[in-house]
Amino acid sequence: MLLLLRWAQDPSDPVLLLSLLKHPLTSLGRSRQQLDAIIAATEVGALRGPRKWRDLEGLAHHILHLHDELPKGWPQDHAALLRSGAAIVEEIAIHHATAAQVFSGRRIEGAVAAEACSHLAMSLAANPQSPEGQHVWAGRDGAQTATFLEQLAAVCHEMGGVDADFWPQFAEAVMQGMSAAPDAAEHPRIAIWGPLEARLQRRDRVIIAGLNEGSWPALPGADAFLNRILRRKLGFADADERIGLSAHDFAQLANAPDVILLRAKRVEDKPAVDSRWIWRLRTLAAGGLGSQAAANEALASAPDHDPVHWARRLRIAQKVEPAKPPEPRPPVEARKLDSFSPSRVVQLIRDPYADYARRVLGLDALRRVGEPVDARERGTAVHAAIENYERNGGSLEDLIVEELVAAGATEELIALERTLWLRAADFYLDWSATRAPSRIDSVLEETAKLTFASAGDDAARHRRPVEQLTDGTLAIIDFKTGRPKTAAQVQTGLEPQLSLEGAIAQESGFGAIKAAPVSQIIYFQFSTSKAVLNDDNGQPLIFEDARTSEVVDESLKGLKRLIAGYAKQDTPYRSKPRAEFAWDYGDYDRLARRKEWTIEDGGEE
């Protein structure tokens, strides 16, 4: 019910909606198996990644749009499941419409909200066996839920409406004030008792825990109004009376046939003091046995009954076999070496195991449900906005904002970053105007490919802005919302993406621009960072002792060597073999179980 109260305020929130759909009581008139299949397809297809809608109607439209443009390789029944997912969202919108007015205002009336949620719960839980959804109130859980709604309505009746921003926290506070017995049955051989229960019952073995001074016995609280003398004169109970009762309880329990005394040596990261009962027991034993050493030995647990000994043994491994790094060697025909993009080449250089997991095993990393926009959405938005601006004109700032909103950016994020995007757009326009005199022609995001013979017909292909310069050479440009690559990274082959695209341009051209030598490789940082204003932003990379065309040629040779190497059956796919240049985190690190065989965290490039 608490989940329903939260969801009712923002019904299209992907996390809350998915939690509600996966709740065991949610049926919407369907069998659990049928509903689970629809939810799974809708989750993977529509709810993971940034939120691109603001209401249930927008979510239904988003799902149907995905159905019309189903990605290649998805199961055949996925389209039907997505249609069903859109239908479920539309049904939920109808059910929520009855409660929308209750939760849309700035203040929420608890009694009205409780009644609306009870109707919502029954509507969502309706199934063929219970068409009205009355089973939500059945059993112990149903009774507790009904009691919660009654208490929520009663509290709100006394204090009036609740601010909508604090409604979830208020409802949770009301629920936390309720008490309920545990669902699980007690263990037949174990009982956890308080002192009062322990006075009346006996067990074969008694474990007395919490024997730290201040815990047992608990120290009497300070009285800010009456000291001990005044309390005694007024006839109030002595503050130390409870310590006497605790001593009586301890004496009774400690006389059991088999007793284990437990205490913590540290509490809240500070040394703790033994309870006074332990000190007196040691003193009594020392007097009877003649020495403190004899008393400590008599009171100590036997090694096979010492919990401290057990805990230490749990930390000792009998035999340690270090895990070995994975080195899968799939069949050559399964490696899919017949098509390469420059970005795949970068992945194969930095993390071959990720290429294996993605292309051989067919495992794609799932994004989090409703996660905020990140570098992927920002980069796509910037490329799309620049392409739209160069083709149709308009305001580059507005185009960027439109693309970011379409990608799932929130209004708050847009308001925070809009001025920074304006700064980046102005710098880009100045940079483009500066380059205009040396530019004859340009293409934006055109697809090109390069085919060569190596382990079969291999093709490298990509889309990238390309400029034809007045001297007849070409410039390859990439817009980065993150940190641009350095000349050293490109020249050493660690980041050959643009140099490989230069090789494509030199061999086959891009769109209307014919093949020609590449003289410039340019990274333009288009982001909210102040690094946009750096003097070297958008300037051609300067390589050490090499011309750009030579770097481009060498990158193509490196690609051919890379493909030839992986065309051999004995070449393994290792996980981040260049540890000093490894990315901080990869989607397939846990699959490779890196934490079991490496402690390297990567370094500078």
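Arg263 counts as partly exposed at 28% relative accessibility, where partly exposed covers the range between buried (under 20% relative accessible area) and exposed (over 50%), judged with a 1.4 Å probe and protein chains only. This is a predicted model, in which local features need pLDDT of at least 70 and side-chain atom pairs count only at pLDDT 80 or more, while totals for chains, interfaces and linings use all residues. Residues are numbered from 1 along each chain as its sequence is written, and side-chain values use heavy atoms, with hydrogens and water left out.

**Salt bridges**

The side chain of Arg263 meets that of Asp274 in a salt bridge, a term for a side-chain nitrogen of Lys or Arg within 4 Å of a carboxyl oxygen of Asp or Glu. Arg263 lies in the loop between β4 (258-261) and β5 (266-267), and Asp274 in the loop between β6 (270-271) and α12 (276-289), so the pair ties together parts that are 11 residues apart in sequence. Asp274, at 9% relative accessibility, is buried. By the same rule the structure has 39 salt bridges, among them the following.

| Pair | N to O distance |
|---|---|
| Arg30 and Glu91 | 2.7 Å |
| Arg263 and Asp274 | 2.8 Å |
| Arg367 and Glu377 | 2.4 Å |

In the pair of Arg367 and Glu377, Arg367 sits in the loop between α16 (352-360) and α17 (375-392), and Glu377 belongs to helix α17, 10 residues apart. Arg367 is buried at 19% relative accessibility, and Glu377 is buried as well, with a relative accessible area of 10%. Both residues belong to a network of salt bridges that also links Arg368, Glu371, Asp374 and Arg376.

**The largest cavity**

A search of the whole structure finds 2 cavities of 30 Å³ or more, a cavity being a set of points on a 1 Å grid over the protein atoms alone where a 1.4 Å probe fits but cannot get out. The largest cavity holds about 50 Å³ of space, a volume being the space filled by probe spheres set on the points. Its lining, made of residues with an atom within 4 Å of a point, includes Leu17, Ile38, Leu59 and Ile88. The helices α2 (14-21), α3 (32-47), α4 (56-68) and α5 (78-104) each supply at least two lining residues, and α3 gives the largest share, with 4 residues. The lining divides into 9 nonpolar residues, 2 polar ones and no charged ones, with Gly counted among the polar residues.

How values were computed
1 Å grid on protein atoms, 1.4 Å probe; cavity = no way out; pocket = protein on both sides within 12 Å on 5 of 7 lines; lining within 4 Å.
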